[in-house]
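Here are my notes on this model. Please read them with the coordinates open.

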Amino acid sequence: MKYSLIVPVYNRPNEVDELLDSLTRQSFKDFEVIIVEDGSKVKCEDIVKKYSDKLDIHYYYKENSGPGQSRNYGAERSKGEYLIVVDSDVVVPQDYFKEVEAELNREPSDAFGGPDSAHPSFTDTQKAISYSMTSFFTTGGIRGGKKKLDKFYPRSFNMGIRRDVYMKLGGFSKMRFGEDIDFSIRIFKAGYKCRLFPEAWVWHKRRTDFRKFFRQVYNSGIARINLYKKYPESLKLVHLLPMVFTVGCILLILISAVGRALMEFDDIHRWYYMCALPWLPILFYAAVIAIDSSIKNRSIKIGILSIAAAFIQLSGYGFGFIEAWWKRCVQGKDEFRAFEKNFYK
């Protein structure tokens, strides 16, 4: 068996159905699928049974322990030479395994990962969220883009690793969020070779609305500080940008508000400099996002929605980062006491 695809699942049977359906169309067939139900109340077992005659598929149910430990559970029961982990909310193009195989044949690698994209069937909001998580203007391209401000770290929505390396490193940690970056850091620190496979991409749904998306990126900001506490060298300039953006926007808005409160509107020149001018950087950034997203998505509506998605992505991450910095670095709390409600339910 060449590949084992491991999928942790929590209350998402419909997503699993779409993922498994896409796997039946793979042009490369030497793989097994391992579904690990992580204590779900809404199980996907019946969905999995639908594909038992189409895929080499195995279903396991376990008590809830988080995605990282569920992947480890699946890895222990896998047979593949390479383990590939994906999230349940992805859809896999038909040549995914073919592209992975081609990259490994071209240049062997101990670990790898691929980028993600929005499927044409996704809602406009999902496409805007996808843009905000992959654009150079929002994340610096660090999530798999060819242009990036930091080296590539595989993410758990599309991540592969040699089985023996996985076992030597002990798999994923018990972190509730950021466990994939933690694993990637340990891969690099152990001296293993890790590469981006640009053509081995997946369609990734992410969150379906902005409220859920804010919570996701907020937790990602928290996770970045938790990673910093474990690996101080892992914190790079690009990771500080969302916090700088968040604080900068707040300061610009406060300057504008204070300026308006302290002056009369009939002094148009002073009003412009004190009230309107602080908004120009924000409006300029919004225009860049709208234009770039509209062109890439061929939709003005998605371009406009991408403004909201970008500001949510950056500010959500920034607020989570600031809260975690205060609790972990200033107050000195450990990650369990600081974020028990967020991470360890």
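The points below cover basis, strands, surface and rings.

1. This is a predicted model: local features need pLDDT of at least 70, side-chain atom pairs count only at pLDDT 80 or more, and totals for chains, interfaces and linings use all residues. Residues are numbered from 1 along each chain as its sequence is written, and side-chain values use heavy atoms, without hydrogens and water.

2. Strands S2 (residues 31-38) and S3 (residues 57-62) run parallel, joined by six bridges. Strands pair if DSSP finds at least two bridges between them. Helices (H or I, at least four residues) and strands (E, at least two) are DSSP runs, numbered from the N terminus. Val36 stands opposite Tyr60 in S3.

3. Val247 is in helix H10. Its relative accessibility is 32%, so Val247 counts as partly exposed (buried is under 20% relative accessible area, exposed over 50%, partly exposed in between; 1.4 Å probe, protein chains only).

4. The structure holds 19 aromatic pairs. The centres of the Trp201 and Trp203 rings are 5.1 Å apart, with planes at 80°, so this pair is edge-to-face. Rings of Phe, Tyr and Trp (its six-membered ring) pair if their centres lie within 6.5 Å; planes under 30 degrees apart are stacked, over 60 edge-to-face, the rest tilted. Trp201 is partly exposed at 28% relative accessibility. Trp203 is buried at 18%.

5. Phe245 and Tyr285 form a tilted pair, because their centres are 5.3 Å apart and their planes at 55°. Phe245 lies in helix H10 and Tyr285 in helix H12 (residues 280-297), so the pair ties together parts 40 residues apart in sequence. Both Phe245 and Tyr285 are buried.
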